[in-house]
Amino acid sequence: MSDAMAGPMTTDLDFAVAAYTEDGNWTVTPLVLRGEPDLSALVSALRRYPGEGGVLGMVSVDEDFFVLVRVAGGRARLLISDVTAATEWPIARQVVDELDIPLADDDDEQVPAGDLAIIADLGMTAMDLGALCDDVDLYPEEMLEEIAETLGFGNQFHDAIEAVG
């Protein structure tokens, strides 16, 4: 464990949900992640779900940032809404490490990192997703809600979030 990872960092998980389609219909279900959220545990949990186009994991952390994980076949695609979160949050650090990008400096801008085209085939372009991530007035939950609405599972997403809360 590096010095940056040492100390009492715990993740205040707002929520984690899995979204997938079967027979053209979306299903959104809360994910139960035990203890400190971990990227490999998240990917493993997502692999349990069916889905014609893979399964999409949506995780909001401490009203600070979100992580999208899309698992299809043996591959996991990743997007984090704010690369600077990796200096504070273990799961964000794991995403940045997996993406093989350098850790942000304290004076770096809050920018997304990873696969902006992660949901382009589902209905939200990389440009639209990037613009959404750049909206500093929105909380991560609001950004994920916008993604869910755009992809066509807004009501199911809202119900799953309510079930978690």
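Which residues does L46 touch, not counting residues up to four places away in sequence? The list is A18, L31, V55, L56, G57, V69 and V71, with contact meaning heavy atoms within 4.5 Å.

## Ground rules

This is a predicted model, where local features need pLDDT of at least 70 and side-chain atom pairs count only at pLDDT 80 or more, while totals for chains, interfaces and linings use all residues. Residues are numbered from 1 along each chain as its sequence is written, and side-chain values use heavy atoms, with hydrogens and water left out.

## The cores

L46 also shows up in the largest nonpolar core: of its 29 residues, L42, L46, F65 and V69 touch the most other members. A core here is a set of buried Ala, Val, Leu, Ile, Met, Phe, Trp, Tyr and Cys residues joined through side-chain atoms within 4.5 Å. Buried means under 20% relative accessible area, exposed over 50%, and partly exposed in between (1.4 Å probe, protein chains only). In soluble globular proteins, nonpolar side chains tend to be buried together.

Two or more residues each come from strand 1 (13-22), helix 1 (39-47), strand 3 (55-61), strand 4 (65-72), strand 5 (75-80) and helix 2 (90-99). Those elements are DSSP runs numbered from the N terminus: helices are H or I with at least four residues, strands E with at least two.

The open sheet has 6 strands in the order 2-1-3-4-5-6, and the pairing is antiparallel; two strands pair if DSSP finds at least two bridges between them. Strand 2 (25-30) and strand 6 (113-114) sit at the edges with a single partner strand each, so one side of each has no neighbour in the sheet. Strand 2 is joined to strand 1 by 6 bridges, and A19 stands opposite V28 in strand 2.

## Around strand 4

Strand 4 is mostly covered, with 7 of its 8 residues buried. On the strand 3 pairing there are 7 bridges, and G57 stands opposite V69. The hairpin these two strands form has 3 residues between them, and D62 in the turn has a positive phi of about 50°.

Strand 4 and strand 5 are joined by 6 bridges, with A72 opposite R75. Their hairpin has 2 residues between the strands, and G73 in the turn has a positive phi of about 65°.

Helix 1 lies across strand 1, strand 3, strand 4 and strand 5, running at about 45° to strand 4. For that angle, axes are lines fitted to C-alpha atoms, for helices over the stretch in contact, and angles run from 0 to 180 degrees between N-to-C directions.
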